[in-house]
Amino acid sequence: MAIPRLSLLPNNEHNSDNYEDLELEFSSSVLRSLERYLPPEILTANREEKAKFMSDILHKYISREECAKAIRFKNYREWIMSNYQPRFRELYKLDPESLLLPCFRKAVRENTEESFRRIMFEPFPGVYVFKMFQPDFFQKLLVEVENMRKWLHEAKLMIRKPNNKSKYGVVLDDFGMDIMLKPLVEDFIFPICKVFFPQVCGTMFDTQHGFVIENCEDRDAELGFHVENSDITLNVCLSKQSEGGEILFTGTRCNKHLKAGPKPEEIFEYCHEPGQAILHLGCHSHGAKAAITSCSRANMILWCINSLFREMQTYDNEFRDWCGQCAREKKEKKSQSLASKRKEMIRIIE
């Protein structure tokens with residue numbers, strides 16, 4: 001049986017179908033993103049056939065058990081959004097003038113590498129630091145998160161873990177805040193990523209996952225080194241008290257080299273301060289150092305995902321430019337090839 005595959009190049013003149021009315025395991029937005037990459041013989045098929053073809057591809061990465069779990073969480077989110085009363089409703093829609101700093105909006109409006117570098121600095125290759133939110137955003141979000149946590153407790157509902165590493169935190173998407181986060185990603189984060197991380201962006205991110213985590217003595221005091229289930233990660237420091245809890249980066253890794261240890265030149269420690277946003281590849285391995293007793297910090301994390309980039313990685317099995325270990329292996333292979341040619345030339349001359 002032929003293995004379903006996408007085309008390497010998109011059909012930019014094709015208008016994708018809408019799949020919202022179909023009972024599917026995957027969201028319409030994901031399928032619409034993939035549709036323009038369907039092979040010609042499938043691109044002209046009916047919606048049901050196209051949806052099945054794309055679902056078969058996506059199932060190579062997401063199991064049916066995970067799909068069933070996603071449906072349960074979808075029902076969970078819908079119930080919360082129907083009953084939860086927000087503390088600050090202005091956080092649930094994107095009003096750029098009230099939420100974002102003027103200098104940040106201006107840089108995105110100009111949309112050039114020069115305009116972005118005016119508002120950010122790059123303390124280590126691939127790690128970009130800048131400020132983007134108005135000062136009152138941080139306090140409002142922390143109060144809103146505490147309100148969410150209290151409401152869930154009173155409603156006797158579980159609090160969904162943001163990820164496998166953090167036990168304490170709240171998933172903002174579950175409360176409808178994705179309505180604000182989606183245009184934030186599309187209109188403000190994506191333009192920056194398109195300049196500094198073009199290899200993972202494609203035409204647009206099709207999924208985002210936003211959550212708030214807390215780190216202190218009794219709440220996730222230390223997060224081990226890990227890569228994230230994202231293609232791009234935005235990490236915004238909401239608050240921090242005292243010292244400790246620095247972020248330690250240890251190199252970019254593809255799936256093939258996840259267990260490869262860091263080289264000295266890949267290690268970088270950064271002290272994240274309130275109000276700062278850090279943008280980096282999700283495959284950039286990092287961890288939070290253990291916080292001392294008096295230290296606490298809260299961060300808003302936004303994972304940006306491009307399903308197409310993940311599919312295209314199946315066609316590129318080695319020597320990825322963004323993976324530190326792949327880059328070293330490529331350099332070593334080139335050196336070995338040159339040494340072999342040099343040896344052969346010496347043999348011929350002799």
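**Close-up views of a predicted model**

A search of the whole structure, which is a predicted model, finds 1 cavity of 30 Å³ or more.

**View 1. The lining of the largest cavity.** The space in the largest cavity comes to about 30 Å³. Its lining is made up of Tyr 76, Leu 152, Ile 159, Arg 160, Val 170, Val 171, Asp 174 and Phe 175. By class, the lining residues are 6 nonpolar, no polar and 2 charged. Rolling a probe the size of a water molecule over the atoms shows where empty space is left.

View 2. Glu 266 sits in the loop that runs between β7 (247-252) and β8 (267-270). Glu 266 counts as buried because its relative accessibility is 8%, and the cut-off for buried is under 20%. The side chain of Glu 266 makes a polar contact of 2.9 Å with the side chain of Arg 253. A polar contact of 3.4 Å joins the side chain of Glu 266 to that of Arg 328. When neighbours within four places in sequence are left aside, the residues in contact with Glu 266 include Phe 124, Phe 249, Gly 261 and Gly 324. Thr 250, Gly 251 and Thr 252 are also among these contacts.

View 3. Strand β1 (residues 120-124) pairs with β2 in the antiparallel sense, over 3 bridges. Within this pair, Phe 130 in β2 stands opposite Met 120. The hairpin of β1 and β2 has 2 residues between the strands, and Gly 126 in this hairpin takes a positive phi near 85 degrees. β2 also pairs with strand β9 (residues 277-281), in the antiparallel sense and over 3 bridges. There, Ala 277 in β9 is the bridge partner of Phe 130.

View 4. Pro 274 lies in the loop between β8 and β9. Ser 239 is 35 residues away along the chain, yet its C-alpha atom and that of Pro 274 are separated by 5.0 Å. With neighbours within four places in sequence left aside, Pro 274 is in contact with Cys 237, Leu 238, Ser 239 and Lys 240.

How values were computed:
Residues are numbered from 1 along each chain as its sequence is written. This is a predicted model: local features need pLDDT of at least 70, side-chain atom pairs count only at pLDDT 80 or more; totals for chains, interfaces and linings use all residues. Side-chain values use heavy atoms; hydrogens and water are left out. Helices (H or I, at least four residues) and strands (E, at least two) are DSSP runs, numbered from the N terminus. Buried means under 20% relative accessible area, exposed over 50%, partly exposed in between (1.4 Å probe, protein chains only). A polar contact is a pair of N or O atoms within 3.5 Å; within protein, one must be able to donate a hydrogen and the other to accept it, and residues adjacent in sequence count only if both atoms are side-chain atoms. Contact means heavy atoms within 4.5 Å. Two strands pair if DSSP finds at least two bridges between them. On a 1 Å grid over the protein atoms alone, a cavity is a set of points where a 1.4 Å probe fits but cannot get out, and a pocket is an open set with protein on both sides within 12 Å along at least five of seven lines; lining residues have an atom within 4 Å of a point. Grid points are joined across faces, edges and corners, and a volume is the space filled by probe spheres set on the points. Ala, Val, Leu, Ile, Met, Phe, Trp, Tyr, Cys and Pro count as nonpolar, Asp, Glu, Lys and Arg as charged, and the others, Gly among them, as polar.
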